[in-house]
Amino acid sequence: MSVTTIPLTPLLGASLEELKTWVQEQGQPAYRGKQVHDWIYHKGVRSLADISVFSKQWRSQIAEIPIGRSTLHHRSVAPDGTVKYLLRLTDGQIIETVGIPSFKWGKKRENSHSLDRLTVCVSTQVGCPMACDFCATGKGGYQRNLQRHEIVDQVLTVQEDFQQRVSNIVFMGMGEPLLNTDNVLGAIRCLNQDVGIGQRNLTVSTVGIPGRIRQLAQHHLQITLAVSLHAPNQALREELIPSAHHYKITNLLAECREYVEITGRRVSFEYILLAGFNDLPEHAAELAKCLRGFQSHVNLIPYNPISEVDYQRPSRERIQAFEQVLKQHHIAVSVRYSRGLEADAACGQLRASKK
Ligand code: SAH
């Protein structure tokens, strides 16, 4: 994995080695770097002044050096237990993060021991410039890329709130991750090596930026790449996704094939189901043809309503019929009913506003 040249402060995102070097530059022994690492990643300290194992004198010297934590602006819980956080960044911008707990079968929800997985959906940008027609994030425009520490902070925030280790991370919040590759790669390194989350439990979702999937493949990560395809042909895709005008679906799929060859990991394709638009059996057959012989998995996402557009979610029968056609063509497929719908925390509904 390549080393990014991001300045060390804010400290969040820095590796153990970087922190050891940093403390030595401050005239301290290297083992203090391990202590800083422990306190910022595992004890959740928000100010260096609170690291009680350090001398008062050194604490006062380093008190102003930022760790890079956000502040909680708003928190809401959906009936299914999904928690949506609005986080305020140091420049006042607000982003959304979602914590999605899943529970083991046959155990009571109230029993905290039954929590099976805790997934965090992280944002990578403030807003999004891609302006996909069906997605709330793009409707609010684009402000800026998130920095490495601002991505890592989201995971620590959810972990601390649930008092439970995060098991999975999906880069599916606000923004387009591959327009912010350096910070996303820096955050992945940190979440994997410093926070301790396995690469195979990380998923990066992209609508596709020419050349960037190939670039990502060169890092040989064990993460899952999810590609927002949403249509089985160029014409239909262009109607939904403005950037598709500059990126032919055939080129996108060719890059995905390269990704599989280089990394040995299968690619996930996300396909939003919009009633009467891209959910017909012939669309499913066309999709199957695109993906023939491809090491892939299709995630069907029934549309989650947003106010600006009048697409409809297809009926359960239509969804099942679409899935069936893919199965008949031996395409691995699952339907993803998004969590957190009632709190506007589901896929495509993130717009950094309270509900
Ligand atoms: N920009 C990235 C990641 C963010 S979106 C991407 O496009 O992949 C995460 C997923 O939610 C994408 O597959 C996206 O297309 C989907 N999505 C967006 N709006 C949606 C909506 N209204 N209903 C259901 N899924 C939606």
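**Notes on the pocket, the cavities and the ligand**

1. Let's start with the largest pocket, which holds about 820 Å³ of space. A pocket here is an open set of points on a 1 Å grid over the protein atoms alone, with protein on both sides within 12 Å along at least five of seven lines. Points are joined across faces, edges and corners, and a volume is the space filled by probe spheres set on them.

2. A quick word on the model: it is predicted, so local features need pLDDT of at least 70 and side-chain atom pairs count only at pLDDT 80 or more, while totals for chains, interfaces and linings use all residues. Residues are numbered from 1 along each chain as its sequence is written, and side-chain values use heavy atoms, with hydrogens and water left out.

3. Back to the largest pocket: 29 residues line it, and R117, T119, V170, M172 and R336 are the ones nearest its centre. Lining residues have an atom within 4 Å of a point. Among the strands that each give this lining at least two residues are strand 3 (94-103), strand 4 (115-121) and strand 7 (168-171). Strands are DSSP runs of E with at least two residues, helices are runs of H or I with at least four, and both are numbered from the N terminus.

4. The pocket lining splits into 13 nonpolar, 11 polar and 5 charged residues. Asp, Glu, Lys and Arg count as charged; Ala, Val, Leu, Ile, Met, Phe, Trp, Tyr, Cys and Pro as nonpolar; the others, Gly among them, as polar.

5. Now look inside: there are 2 cavities of 30 Å³ or more. In a cavity, a 1.4 Å probe fits but cannot get out. The largest cavity has about 510 Å³, and F134, C135, M172, S228 and G348 lie nearest its centre. Helix 4 (136-139), strand 8, strand 10 and strand 11 each bring at least two residues to its lining.

6. Where does the ligand sit? You'll find it in the largest cavity, meaning that more than half of its atoms lie within 2 Å of the cavity's grid points. Around the ligand are 19 residues, with F134, S205, S228, H230 and N304 the closest; "around" means a heavy atom within 4 Å. This shell has 9 nonpolar, 8 polar and 2 charged residues.

7. Check the polar contacts (N or O atom pairs within 3.5 Å). A polar side-chain atom of S228 is 2.6 Å from a ligand oxygen, and one of E176 is 3.2 Å from a ligand nitrogen. The protein covers 96% of the 540 Å² of accessible area that the ligand has on its own (Shrake-Rupley method, 1.4 Å probe).

Notes. A polar contact is a pair of N or O atoms within 3.5 Å; within protein, one must be able to donate a hydrogen and the other to accept it, and residues adjacent in sequence count only if both atoms are side-chain atoms.
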